[in-house]
Amino acid sequence: MTAVETDAPILSKGSAVGQSVPRKEDRRLVQGQGVFFDDVKRKGMGYLHFVRSPYAHATIVSIDLSAALELPGVYGTLTGDEVAILTDPFFQIAAPPGGHVKDYALAVGKVRYLGEPVVAVVAETRELARDAAELVMVDYEPLEVVVDARAALAEGAPVLHEDCGGNLSYSGVWEWGDVDAAFAEADHVVSIDQLHFDRFNSTPLECGGALVEYNRGTGQWTMYTNNQFPGFAAIMMGPAMRVGLDKLRIVTQDIGGGFGNKITSHPQLVACCLLARKLKRAIQWTEWRTEFHQSMSHGNERWFEGTEVAVKADGTLLGFRTTAIDDAGAYLRYEPLGGVIWSQVAAGMYKWRHIRLEFTQAMTNKAPVSPNRGYSRMQQLWFTERVIDIVAHTLGFDPVEIRRKNFVQPEDMPYETPNGCVYDSGDYPRAMEMALELIGAERIEERRAEAASRGKLLGLGIGSTLDSGTNNFGQSQLINPDLQFSGNNEVATVKLDIFGEVVVTLGTTPQGQSHETTAAQVVADILHCEVDAVHVRAGHDSYWNSHAGFSGTYASQFAVTGLGAVKGAADMLAGQMVKLASMVFQCPEDAIELADGFARIKDNPEAALPFMALGAIPNANNAGFPEDPPTMNCRFVYRPPFDVPDKERKFGNLTLTYATQIHACVVEIDRETGVTEVVDYAAVDDCGVRINPQIVEGQVMGATAHAIGAALWESFVYDEDGNLLTPNFYDYHVPHALDMPPLKTGAFESPSPFTPLGTKGMGEGGGGGIHCICAGIQDALRAAGGAIVTDSHNPYHRVWEMLANPERSRGTVEVTSR
Amino acid sequence: MSVSTTSTHRTISVEINGTTYERDVPASLLLVHFLRDDLDLTGTHIGCDTGSCGACTVQLGSAAIKSCCMLAVQADGASITTVEGLASEDGELTPLQRSFHEHHALQCGYCTPGMLMSATALLEQNPSPSEHEVKVALQGNLCRCTGYWNIVEAVVAVGEGGAR
């Protein structure tokens, strides 16, 4: 099933790096011995349940807690009015108008989306907390609702945040090259009225939650939680709670999936903290699935309106202009960062040099968005892929040829994009060839005819995407020049303990990305010991002193930042071990080598110190040394090389690495029902040096599954009153085993010239599956009226509409030729 | 409501992983919360509130059941196996657990206990299931990390004698 080609220099690999070492995490997880936040218990803890708004937009007239508080076993409550006294609004990333949003842990004065937490109730048991929440009487005065981002920006729309003077959170014009000249030079201009990227998220199987304790003596909180970006959570929580960050200890061990959706749980964590202090007991909060769907972290929905593409007669793409309207939902919890993150891949994988994109973000009466696997780049990549296929469709180019012609070529690497991003390495044509071969593209016409004989429409689609990783947080200044964030960092410590144990501590918060395993592989090769001899602590603890401001697990960066820190710390320790051995043997350091779990004199294997001796000397047996022995406890902060981008031109390198994924699929559509079946699928990945190929392939598979789900089944659908119609796994169909197509994977390695190990961040997949299924459907529909696919989400009823009325979508695309 | 009465509480006796537990439980208590909160058998997980995800799957007798869809009082007198009951006392993994490890059939590990219990029940009834039979048996278990391919492969491999 797996075709793997490797061009990476084999010398860059040690005995562990590059091998599919079985995961260290598995032993506990297959025995049910993982520790997820909900497994942590404390005597006398109170269970928290949120009273949530049944309205999408309403004024809170009054709250009556008396019936709930009278219920035996209820410990207490927290309301928005208390929160507004005890805390300040969360810091806003946005400049005005979005910067005027006032966001608290609970709704204050009004509610802005269905499911918004209004009151928190704490009781002796889960069941009792739920019962008590039912007894809280909230009197609402419903307000007019707006659920469409375009309508939210129109004159007279109901306003969510009065302080903002409207629903606009951010707008900016992003323009590079000479767009007017490109359109003057074009032989064809293809106009596309409207494209729509749908709202969904990756719905990790474990919902949000925490066990929070308050230490009254020290004023410190400890949160056992599944937040995946503790650095960000602390920066949000500390100022709001008017405490220093050291008062906020955030601990994670095992996390049941995250995909970005667990970055913005800081409001709920604040509610837990306030209640732990108020009620003098540990607070246990476990979100229910319906609550997660209603309130947590939807992906960014985005419209692209009035798109125009400048094309030469030979199919050369010169540039495009478009207006993007992004839907942030009701609050800006991580937004409007989506307003800049897309520009990491503004040009997609293509060489067009003239781009104008007007980005506007609106707030609506829907759940707040936050990062979701492929955050904001996936939307842009889907747009560029849709544009390519629509151009090919309308001008009669072959989708493969037009890609081959316009791809950034391997000899162009490193390639500076029109907006100053640097694609570090890659071979896009080769990845596409591999994907097409795996899918059996050469037999496609034969298969099309065979499918037609069964009454099916068959199509082939390509989705070419980039997985940009290791953010330069300086890009935040492109949307708010006053922000003081830039660069990136990650921390690791590697130490040798008294009995020679190699102990690694990470700043990250893995949710399945196998950091314990890959970190151990890197350390084992540097210290020349077995992978099993390296103990990597599970999870994150902000009291370990192994984190920095950007620590966490998000945005495709561990293989660069996390392992960069691990390598740095392990190199330091290796140097200290050599130095200590040279002190013991009274020889030059260059006479010492680390090998087979010893520090020894190179030409005298008898003179060898085991790790145990090296660990013991500084820690427990240090008398008589003429100078201080090295500490054997090494902390390294990896900092990627970035400059602050040019704010005027919106120009600069926004991420360090660009992994490539090219997906290809064959779909069959039932003409009667519009049901799409994916019958063949291939995903080719190039993420530079792979520390552990099996783990990389696992990430490719997972990202593929998310994209297939989003393309065909998964959607957060709201009615016009702001009711979420898909609030659980009944209505929100997550693919199960029978839904998955046969999959072939392929890989090759174009090492990054910019990273310590030649690795690139990967794992998000850039939504490749969404792009290729859209393309496959459009290809299949060519034989039945030639509808154009204009939505990222194509359930059977939408496909059926395209079959029934192909003119409708065709009429939204026009070609003007010279 | 925290007051125990005969109408709201009942004493149950359940054998779990070979040990018999007698507990006084509220009638409204779900079996999964009984396992997790009362007995601290936290390997059984919860991923939804509609009986859709299968993270809470345990074996009741020979059948794989969703412990969120059953009250604790309904399990009175039953014999239950949870994920903690799979490996031997000295930590020797079952062939299925080993196969999950070897085939990278888990990432975050949250769905894994439920997957293992559904697959264990399948393999007891059908020691050499086909790929399709495995998918049918696992269709009530959601995984959001792996896309299922490696999970299906791991279960099929056990039926084929553990060969990859």
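Reader: How many residues of chain A are in contact with chain B, and how many residues of chain B take part?
Author: This is a predicted model. Contact here means C-beta atoms within 7 Å. Counted that way, chain B contributes 48 residues, and the number from chain A is 50.

Reader: Which element gives the largest share of the side of chain A that touches chain B?
Author: Four helices of chain A give two or more residues to this side: α1 (26-29), α4 (126-135), α9 (289-295) and α18 (693-712). The largest share is 7 residues, and the helix that supplies it is α18(A).

Reader: How do the residues of the side of chain A that touches chain B divide by class?
Author: The classes are nonpolar, polar and charged.

Reader: What separates the centres of domain 1 and domain 2 of chain B?
Author: The domain assignment places domain 1 of chain B at 9-85 and domain 2 at 95-159. Taken over C-alpha atoms, the separation of their centres is 21 Å.

Reader: How many residues does each domain of chain B bring to the contact between them?
Author: Domain 2 of chain B brings 13 residues to this contact. From domain 1 of chain B the number is 16.

Reader: Which strand gives the most to the side of domain 1 of chain B that touches domain 2 of chain B?
Author: Two strands of chain B, β3 (57-60) and β4 (63-66), each supply at least two residues of this side. By class, the side has 9 polar, 7 nonpolar and no charged residues. The strand that gives the most, with 3 residues, is β3(B).

Reader: Which residue of β4(B) is the bridge partner of B:Gln59?
Author: β3(B) and β4(B) run antiparallel and are joined by 4 bridges. Their hairpin has 2 residues between the strands, and B:Gly61 takes a positive phi near 65 degrees there. Across from B:Gln59, the bridge partner in β4(B) is B:Ala64.

Reader: Which residue in β5(B) does B:Leu60 stand opposite?
Author: β3(B) is also joined to strand β5 (residues 79-81) of chain B, by 2 bridges, and these strands run antiparallel. In β5(B), the residue opposite B:Leu60 is B:Ile80.

Definitions and conventions: Residues numbered from 1 in each chain as written. Chains lettered and ligands numbered in written order. Predicted model: local features only at pLDDT ≥ 70, side-chain atom pairs only at ≥ 80, totals over all residues. Domains from an automatic or database assignment. Contact = placed C-beta atoms within 7 Å. Nonpolar A, V, L, I, M, F, W, Y, C, P; charged D, E, K, R; others polar. Pairing = 2+ DSSP bridges.
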